[in-house]
Structures are given as structure tokens and as C-alpha cells.
Amino acid sequence: MTTTTAAEPKQKRPLVYSVRQELPHNRPYDLYYAEKVPLLQVFEKAALAWDNRSRFGILPTLARSIGVRRPMQAAECGIYRGHSLVACLRVARDLRVPVKFIGLDSFAGLPALVEEDLEVAPENAPYRKKVLFDDTSFEAVSELVKSAGFARDAKLIRGFFVDTLPRLQETRYDFVNIDCDLYAPHIECLEYFYPKMNSGGIIFFDDYHSHDFPMAKNAIDKFLEDKPETLLHLRFGPDGTNHTKCYIEKL
Ligand SMILES: C[S@@+](CC[C@H](N)C(=O)[O-])C[C@H]1O[C@@H](n2cnc3c(N)ncnc32)[C@H](O)[C@@H]1O
């Protein structure tokens, strides 16, 4: 046994989110990751709801062990470096919920701004001048997913949504995370996924309350104006520039 007399030096906190590679998915949640906690909570809710929906009267453990249930079907639109995708996959694994997750991204950053973006983007928004989120790659995210043990559960799809969505295999979804900042991608994803959601399935919106990307709210409100679902809002810890998130449950 070893004894320590001097206090361990305190770990210095990284300044930016991307420095920490892992997004811890389990409780107790770290306030440092407050912006991502609602996603984990809502994904867990969706996974448990899928678990209930998919029993079909068969004992769940038996159903699981003989593999009669179709896996939960999930998608993330805008995965960047794959951290939230992997965190959700870990939640599913902890719950023993089998999942098929598709992760869509250009892996080349945000697309060109459209009129609806230019009208509301803050004057000093960095994305007015340069492409954001292009510092990632399909290969690096594939490696992250594989090293976390999810190569069979997740499929990455490279390209702009306008090209990739129409080529997806037809299926129904239980959970979709829309995290793509700008106006047109929100509309493209909602037009594609909304009609394909199972009743009780969840669409999560990362950017509805974002100060940096106010066009996200405009797109979501526009799309939902003639739909019966109501947005639910949630936050972990103090508010910030994008800490309150929201989602709908498909009726
Ligand atoms: C904020 S990042 C996603 C962050 C990620 N969900 C996370 O939490 O780690 C937004 C991503 O959306 C992607 N994106 C935005 N619009 C897109 C489009 N039309 N087609 C493909 N990818 C898009 C960008 O490439 C970028 O990686």
C-alpha cells in the first residue's frame, strides 16, 4: 500500500469543449458539460420509450436474448467529431437497448448561408466569414466510433443532407438529434425525418435557443407551425448562450 503526503496537483480545466475527447454519459453529470446533458436525458427517455413500445407482450429479457426485436432506430444530423453520437450510443448500451444509429455530416463544415441565415446572423458571427466545423474527418470519426466498440451499431454518412437524405434506406425512426445550426439544413432534416418518426419518437433540437444561430429557431418554428406537436424545453444548470434545449414527441 502506498501513502501520499503531498496533495495531488489539481488538473487544469481545458478551455474549450473539443479538448476533452469524451463526453461522460453517466450521472452525476459534470456542469462543464451542461450544454450536452439535455441530449443525454432525452435520448435516455427515447430509448426507454422504445423499450416499452417494442415488447409486444413478450418478456423483454427473453425478447432481447432471442433477438426478436428490431433495434431502436436513431439518427444524428450534424455529428462533427462524433462525441455526442458516441455518448448516446453509450447510454443505449448501458440500458441494453439495441440501436442502429446513422450519423450524417458533410465532414466539410457548414453549407453556404442562405437568405434566412443572412437576415438574422449576428453581425460578428464567425460563420459569416469562414466555414465552421470543417476541422473533422469521416476517417477520424469512424475510428472514434470503432474504438468505442460501436462499429456495428453506427453508420456514418458523408455529404450534405440535400444529397444524402434522399438516398437513405426507407425506415421509421425512434430518435433524431438535429444539430446543424443553419436554416436550410433544419428544414431539410425536418422534411425528411418528421414523417418517418414512430408515434412517441423524439426529435431533439440542439440549437433552438442558440444565440449564435437564431435561424435554427426560425426554421423549427416555421416547420412546426402547422403540426400538432408542442416543443418541450429543458436545461441542466445555469443558462448560457445555448444551454436550453428542446424536443418534440411525435404524436
Ligand atoms: C455543431 S456541429 C455538430 C456537433 C455535434 N452534434 C456534437 O454535439 O458533437 C454541426 C455540424 O452540422 C454539420 N452540418 C450542418 N449543415 C449540414 C448539411 N447541410 N449537410 C451535412 N452536414 C451539415 C456541420 O458539418 C457540423 O459538423
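Predicted model: local features only at pLDDT ≥ 70, side-chain atom pairs only at ≥ 80, totals over all residues.
Local features here need pLDDT of at least 70, side-chain atom pairs count only at pLDDT 80 or more, and totals for chains, interfaces and linings use all residues. Residues are numbered from 1 along each chain as its sequence is written.

The strands form an open sheet of 7 in the order β3-β2-β1-β4-β5-β7-β6, with mixed pairing; strands (E, at least two residues) and helices (H or I, at least four) are DSSP runs numbered from the N terminus, and two strands pair if DSSP finds at least two bridges between them. Because β3 (154-158) and β6 (232-234) stand at the edges with a single partner strand each, one side of each is left without a neighbour in the sheet. Within the sheet, β1 (residues 72-77) runs parallel to β4 (residues 173-178), joined to β4 by 4 bridges, and Ala74 stands opposite Phe175 in β4.

Helix α3 (residues 83-95) packs on this sheet, touching β1, β2 (99-105), β3 and β4, where contact requires C-beta atoms, placed from the backbone, within 7 Å. Helix α7 (residues 183-193) also packs on the sheet, touching β1, β4 and β5 (197-205).

The axes of α7 and helix α8 (residues 215-224) come within 8 Å and cross at roughly 30°; axes are lines fitted to C-alpha atoms, for helices over the stretch in contact, with angles from 0 to 180 degrees between N-to-C directions. Among the residues making this contact are Tyr183 and Leu190 of α7 and Met215 and Phe223 of α8.

Conventions: Contact = placed C-beta atoms within 7 Å.
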